Structures are given as structure tokens and as C-alpha cells.
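Welcome! Here is a short briefing to read alongside the sequence and the 3D view.

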Amino acid sequence: MDTLFASPYFTLFSIVAVGIALGAARVCGVALGPAGVFFVALACGHLGMSLPRELTELGLLLFVYSVGLQAAPRFFELLRGRGAAFLCVGAGATLAGALVTVLLAWPLGLSATLASGLYCGATTCTPGLAAALEAVRRVLPEQADGASVAYGATYPFSVVAVVLLAQVLPRWLGTSPRAAAEDYASTEAAQRPELEQCVFRVENPGCAGRTIEELKSLNMFKAVICRVKRDGRVQAARPELALQMHDFVLAVGTPTELAKLEALIGGVAVESLHDPTGDVTSGEVVVSRAEAIGRALRELCLWERHGAVITRLRRNAVEFTPTGSTRLEPGDVLRVVGPREALEAITQALGRHERRLDETSLLPFAIGLAVGVGVGLIPIPVSSAMDIQLGAGGGVFLVALVLGRIGAIGPLHMHVPNAVKHFGRELGLVMFLAGAGCTAGQQFIPIVREVGATLLLVGAAVTLVTVATSVVLVSRVFRWNALFGDGALCASMTNPAALSAAVGLAESEAAAVGFASVYPVALLSKIVLSPLVFLALHALGR
């Protein structure tokens, strides 16, 4: 039995199993989630159990790398749109919490180590704790346990407070969750209308004799012409095909773009463009071949080589009309119209390897982690006498964001299946929480006895100020939809448990989208700010 309890793997997975079971238990609708692992580990650490530091750090790297890869596409997409607003909410709320931590910890006598852990616990940020611990271990290695203790002491209030607020925020903002969901749905429908198809009759003499490629070059519409019917015969809309008067044209696009095409070539017609001979048909192709991933549609020359037209593209449950510059990503679903043999050839060229979408090459995965650790060790000068580092966790997260965006390093494609990202994120998180909890548990009781009341009060103040800043920004400054803002609030607190409560208020993706919009900014901000809180207070003599 002694041999069993001496095994770090038995200790690790026993803590994880019990902690996950504890985190799943709900009290008044509130659950700890993965944080249950931390509290079980805290108790085990108090009883004398320990885990190797290497296991803890490996868990951290797996967690932040998976989160970075998952967040990257959405993060950069949103930065191109409302990026300034998301940066303001994510960074503004976290910065407010960091400032309050420093301003309260300094006069109240809290050490720099305790304050950095307190900030991470009060804003429920586990990767931030990891970044803070790395900074503490470089400067005051003998006090590193204090940060984990402060994190564990302030974390519960933050989780419960934000979960409760997430359930009442829409009503506080003067609306019901159902009304907010309907408003969000109507706004999204106006901004991202679904694709439709329509048949037109060529009635404009100015279009007669012009090829489809010439019409597209006018840049007057963004709909895709996919079939043409002439003298009862249906054919694929190849670029060099010249239209004639009274041709019937089938096009796919948004209602606005179809209306532009109607104004250009002629009126709407009630005509079937189904080809009874089967020479022209349509089908879907799942992009899975490495040779096609990352290439623009115009580079594939599908029109020229196969006489086929790509009419729509579905990516992450969103369907849109592609252009020649659209670059293919793993798992894209293309709607192809053309001769039957062309569909077979395109399927061979782009797909037929769907199983590869579930496979992960460990080479680019390992390269990304190695580069991230290296980036985290680069010193960043903040003054003539002080340098900071992102640390292994921060460096890996930053590299994961970049690699998740560019998709490849030369011939190496960085595609990681969603299931792998989810597994890496969850496994890494519980490994880190188990290790950090065991370490903190050894010093938990003495530290709480010494500064317990002050620690809890300052932690509550940091939580409330961070939440209040986020609420003001989303509701008064930017006036976002109440459910979208609710998700953004949960993201600014990096609190998945609160997001679960917000999502359950109504059948809408508004809260989840709001969370995804702000979460990467808030997470990266806390990874950077948590060691800065420690360094600032240490420089002030705390």
C-alpha cells in the first residue's frame, strides 16, 4: 500500500477523479467545475501528499497550447471587426482588477506573492496563476506557495459571485433573456443573411455575348452563377460561357446580392434548372487532403480543369459564398456544381481523406510547444533595471494563437482536431490544478490564519471591481445585447462556470459568442498582468 501511495501517477489521477466528481456536484445551481480538482488537491497537500513540479508544468503547457489553438481563428477574425471594443472590454476589466489589487495590497501589508495569487483567484484565471508562479520562482522561490494559497482562498467567492450575476444580468439591464435572444437573432440575421438560390432570365441586351467571367469582373454582385439553361439544355456555368438573350441562369447568394444580379441581367423566372440527363449535378466535398489545405480557390483552377463551380462553402456551421481568394481550411464543406465526372475528380483532389481530420501529427504539435517555451524565456525590458518574461505558459499561448491563425509552418500543417484540443485542454487543466493545489495545501492553514480576513476582503473587492468595470463597458459604453454582454462578462472573468449559467438562460448562441469574442483578450491580459502585479509590489518593497 505504501508503494501505491508513493506513486505520483496514482496520486495525480486519484485527485483528478475525486475533484471532477466534486466539481460536478451542484449546490443551488452552482458547480465548481474543474476547480473542484484544486480544492481536493489543497486538502491532499495539507495531509502531506505532493506531486512532481514537472507534471504540473506539463499540464500547464498542454492547457494553454490547446486554448490558444482553439481561440486563434475567432480571435483574429473578431479583431478585424469590432476588435477595439473587445480589446477594451477584455483588457480594461482585467487592468482595473490589477490596479485595485496593487492599490489595496500595498497599504494593507499583503506581500507581492500573496497579491499576485489573490489577483488570479479573484479573477478566476488559472493560466494567470501559472504565469505569476513563474515570476515568483525567479525572484522569491521560497515564497512561491503563497501565490497558490491566495488563489485558493479567493477563488470560491469569485466563482459563486459571477455565476449568480450571470443569471440576473439581463434583467438588471432591463430586459428578459428571451427578449435579448430574439433581438440578437434578428440582428445577426440582418448582418449575416442565409444564402438563397434564384433563377433569372437574361433580358438585358448589354449582358448578351458577355462571358460569366466578364460579368464577375464588373464587381457589381457577389452571387455565384452555377447553372445556365439554354434551349432546354442545362450546363455548368463555366467562366468562358457567354450568355445569350433568354438564357435561364441559376445563382446562389444573399438576398441583397441576388437583387443586384437581377438588376443587371433580368427578371426572376419560374424555371427548373435540374438536369434530367444527370450530366450536370451537385454534391458536397469535405476538404481533407493536405495538398489543398491553405490554398486559395483560384490556385486550384477548378473551373479550368474540371468545368465545375463552387457555389457555397460551410465552415464552423457558417455558410457563405466563397471568392477566388478564399483559402481552404481542414473540414471545409464545399458545394460543387458541374459534370458528374468533375465532382468525382474534385473529390479525389480535395477530399476522400476525412479520417485525416481526426489525426494529429505530433511533429508540428511538438514544434509549437518547443517554440512557445523558447518565446516565454525571452526577456522583455520594462525598465533599465528590470526585465520580465512571459514564462513558458504565456509564450506557449502566444505561439498557439499565431500558429492557429497561420495554419502552417512551411509544409507542416498545424491542423489539430477539435477533440484533441478539447482533450489537451481538459487534461492539462486538471494536471496543473492538482499540482498547484498539492503545493499550496502544505502552507494553506498557516497563511490563512495570518492574513485570512484581509486576503478575503481584498479578493472580494478585486472581483467586484473587475465585474463592475466589465458591466459598465458592455452595457453603457458599447451597449451590447444583454446576452452577448453576459457572455463577455463571463469572459472578462475567464469563468466557464458562469458561461454555463448564462447559456442556460435562453436558447441562443449570443452568450457563447460574447464569451468567445472577449475571452482570448482577457486571458492573455491576465497572463501578462499577474506577474506584473507581483513585480510592481515587489519593487515597492512588499
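Five aromatic pairs turn up in a search of the whole structure; rings of Phe, Tyr and Trp (its six-membered ring) pair if their centres lie within 6.5 Å, with planes under 30 degrees apart counted as stacked, over 60 as edge-to-face and the rest as tilted. This is a predicted model, in which local features need pLDDT of at least 70, side-chain atom pairs count only at pLDDT 80 or more, and totals for chains, interfaces and linings use all residues. Residues are numbered from 1 along each chain as its sequence is written, and side-chain values use heavy atoms, leaving out hydrogens and water.

**Aromatic pairs**

- Phe-86 and Phe-484 make a tilted aromatic pair, 6.3 Å centre to centre with 35° between the planes.
- Phe-86 belongs to helix α5 (residues 83-108) and Phe-484 to helix α19 (residues 482-492), so this pair ties together parts that are 398 residues apart in sequence. Helices (H or I, at least four residues) and strands (E, at least two) are DSSP runs, numbered from the N terminus.
- Both Phe-86 and Phe-484 are buried, where buried means under 20% relative accessible area, exposed over 50% and partly exposed in between (1.4 Å probe, protein chains only).
- Tyr-184 and Phe-484 form a stacked aromatic pair, with 6.4 Å centre to centre and 25° between the planes.
- That pair also links distant parts of the chain, 300 residues apart: Tyr-184 sits in helix α9 (residues 177-191) and Phe-484 in helix α19.
- Tyr-184 counts as buried because its relative accessibility is 8%, and Phe-484 is buried with a relative accessible area of 3%.
- One aromatic cluster is formed by Phe-86, Tyr-184, Phe-478, Trp-480 and Phe-484.

**The protein as a whole**

- The protein has 21 helices and 14 strands.
- Of its 542 residues, 52% count as buried.
- Among contacts with a separation of 6 or more, 79% are between residues 24 or more positions apart; contact means heavy atoms within 4.5 Å.

- Ser-116 is found in helix α6 (residues 112-122).
- Is Ser-116 buried or exposed? With 0% relative accessibility, Ser-116 counts as buried.
- Apart from neighbours within four places in sequence, Ser-116 is in contact with Ala-132, Val-136, Ala-147, Ser-530, Val-533 and Phe-534.

- Two packed helices are described by the angle between their axes and the distance between the axes.
- The axes of α6 and helix α7 (residues 126-139) come within 8 Å and cross at roughly 170°. Axes are lines fitted to C-alpha atoms, for helices over the stretch in contact, and angles run from 0 to 180 degrees between N-to-C directions.
- This crossing makes α6 roughly antiparallel to α7; angles under 35 degrees count as roughly parallel, over 145 as roughly antiparallel, 65 to 115 as roughly perpendicular and the rest as oblique.
- On the α6 side, Thr-113, Ser-116, Gly-117 and Cys-120 meet Gly-128, Leu-129, Ala-132 and Val-136 in α7.
- The contact of α6 with α7 holds four nonpolar, four polar and no charged residues. Here Ala, Val, Leu, Ile, Met, Phe, Trp, Tyr, Cys and Pro count as nonpolar, Asp, Glu, Lys and Arg as charged, and the others, Gly among them, as polar.
- α7 packs with helix α8 (residues 144-172) at an angle of about 160°, their axes 8 Å apart.
- That angle makes α7 roughly antiparallel to α8.
- Thr-126, Leu-129, Leu-133, Val-136 and Arg-137 in α7 meet Ala-144, Ala-147, Ser-148 and Tyr-151 in α8.
- By class, the contact of α7 with α8 has six nonpolar residues, two polar and one charged.
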